[in-house]
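Please prepare a briefing on the model shown below.

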Amino acid sequence: MKLFSGTSNLPLAQKVAEKLGVSLSDVEIKRFPDGECKVWVPAKQDSLANEDIFVIQSLSYIADQNLMELCLFGDALKRLGAKKITAVVPWMGYSKQDKEFRKGEAVSAQLVAKFIETAGFTGVITFDLHSPKIKEYFSIPLVELSTKNLYQEEIDGCPSCIIVSPDKGGRNRSDNLAEILNLPVAHLDKTRDLAGGAVSIQGIDKDISGETVIIFDDIINTGSTAIATAGFLHEKGAKQIFFFATHGVFSGQATKNIQNSPIDKVVVTDTIYIPPEKVFPKLKIISVADLIAEEIQNLKFKIPQ
Ligand code: R5P
């Protein structure tokens, strides 16, 4: 088995390597003065042919660059004769654009799937996709891991919490978490203005006044959903507000705005590397390294003939 890492989330890749008891394999990733990327894997021709190869790369900021780097990685490995190359993409960037919301829009999630396959990857491991549709865009095997079991520790000591789904898209996800944790669940009715992105909350199907609520989402991006849902629940009398999400994108002023919101605690995972300047007092980051290492150890993808 060989484990490689792109540049987008080296701390996570190092943790996975440690859990697996291996070192990250050598690669040289450079940028030319004009910004173009070059990936060189210094291995002998065909020396990787019978290896299970894993490349860890999140498609986080700057998504275009990190995607290109991943694709060049796949190409370099394929040229060396590698046959079984799994892209470990903890955060599948471009997944929010998973359908044509307005006529004439690109379906980015579908195109990214094609890029990854064309680059030479034969399988994908990822986490909590934005929608089930994305899986269908891949014709190579894709394992979607879930972070749900990681939150138990955070929730222990809160036997009467209510899980809250922020929107229709997150309903199944939240229902599922509530079932695992044996907690009640409430559903918010959220709308987003397609042009400007403004989020507003219309209502909730349960009385949460005096309760501790845990809003559960896949992504915190601009923080608009987190702030609007927390503001609404605060007005409805929630006693404490937690926000759990798998992917902490935190674009723009998200971290500052969330720190100043009624949210008491935010829990995200390290599917995306969060640099020190984006860490804020209310934030807790839990690691998915164990889940990736376990999946790599148990992976049943077949080497293509
Ligand atoms: C929406 O469909 C998603 O599940 C998230 O709620 C959304 O992507 C979060 O984005 P933002 O933080 O910009 O509101």
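Which helices and strands each supply at least two residues of the shell around the ligand? They are β9 (185-192), β11 (212-220) and α7 (224-235); helices (H or I, at least four residues) and strands (E, at least two) are DSSP runs, numbered from the N terminus. This is a predicted model, in which local features need pLDDT of at least 70 and side-chain atom pairs count only at pLDDT 80 or more, while totals for chains, interfaces and linings use all residues. Residues are numbered from 1 along each chain as its sequence is written, and side-chain values use heavy atoms, with hydrogens and water left out.

**Ligand shell**

- The ligand is surrounded by 13 residues, the closest being D217, D218, T222, G223 and T225; a residue is near a molecule if one of its heavy atoms lies within 4 Å of it.
- β11 gives the most to this shell, with four residues.
- By class, the shell holds five charged, six polar and two nonpolar residues. Asp, Glu, Lys and Arg count as charged, and Ala, Val, Leu, Ile, Met, Phe, Trp, Tyr, Cys and Pro as nonpolar, with the others, Gly among them, as polar.

**Polar contacts and burial of the ligand**

- In the side chain of D218, an N or O atom is 2.6 Å from an oxygen atom of the ligand. A polar contact is a pair of N or O atoms within 3.5 Å; within protein, one must be able to donate a hydrogen and the other to accept it, and residues adjacent in sequence count only if both atoms are side-chain atoms.
- For the side chain of T225, the distance from an N or O atom to an oxygen atom of the ligand is 2.6 Å.
- For the side chain of K190, the corresponding distance to a ligand oxygen atom is 3.2 Å.
- The ligand taken alone exposes 380 Å², of which the protein buries 88%. Accessible areas come from the Shrake-Rupley method with a 1.4 Å probe, and for residues only the protein chains shown count as cover.

**Helix α7**

- α7 has 12 residues and spans 16 Å from its first C-alpha to its last, close to the 16 Å expected at 1.5 Å a residue; the expected span is 1.5 Å times one less than the number of residues.
- T225, A226, T229, A230, F232 and L233 are buried in α7 (buried means under 20% relative accessible area, exposed over 50%, partly exposed in between, with a 1.4 Å probe and protein chains only).
- Seen down the axis of α7, the buried residues fall within an arc of 160°, so they line one face of the helix; the arc is that of the directions from the helix axis to the C-beta atoms.

**Backbone details in loops**

- Y61 and I62 are joined by a cis peptide bond, with omega of about 5°. I62 is in the loop between β4 (52-56) and α2 (63-79).
- Y94 is not a glycine, yet has a positive phi of about 70°. Y94 lies in the loop between β5 (84-89) and α3 (108-118) and is partly exposed, at 26% relative accessible area.
- D128, also not a glycine, has a positive phi near 25°. D128 lies in the loop between β6 (123-127) and α4 (133-136) and is buried, at 7% relative accessible area.

**Two reference positions**

- N298 lies in helix α9 (residues 289-298) and is partly exposed, at 46%.
- K15 is in helix α1 (residues 10-20) and is partly exposed, at 38% relative accessibility. K15 and Q57 are 42 residues apart along the chain, and their C-alpha atoms are separated by 13 Å.
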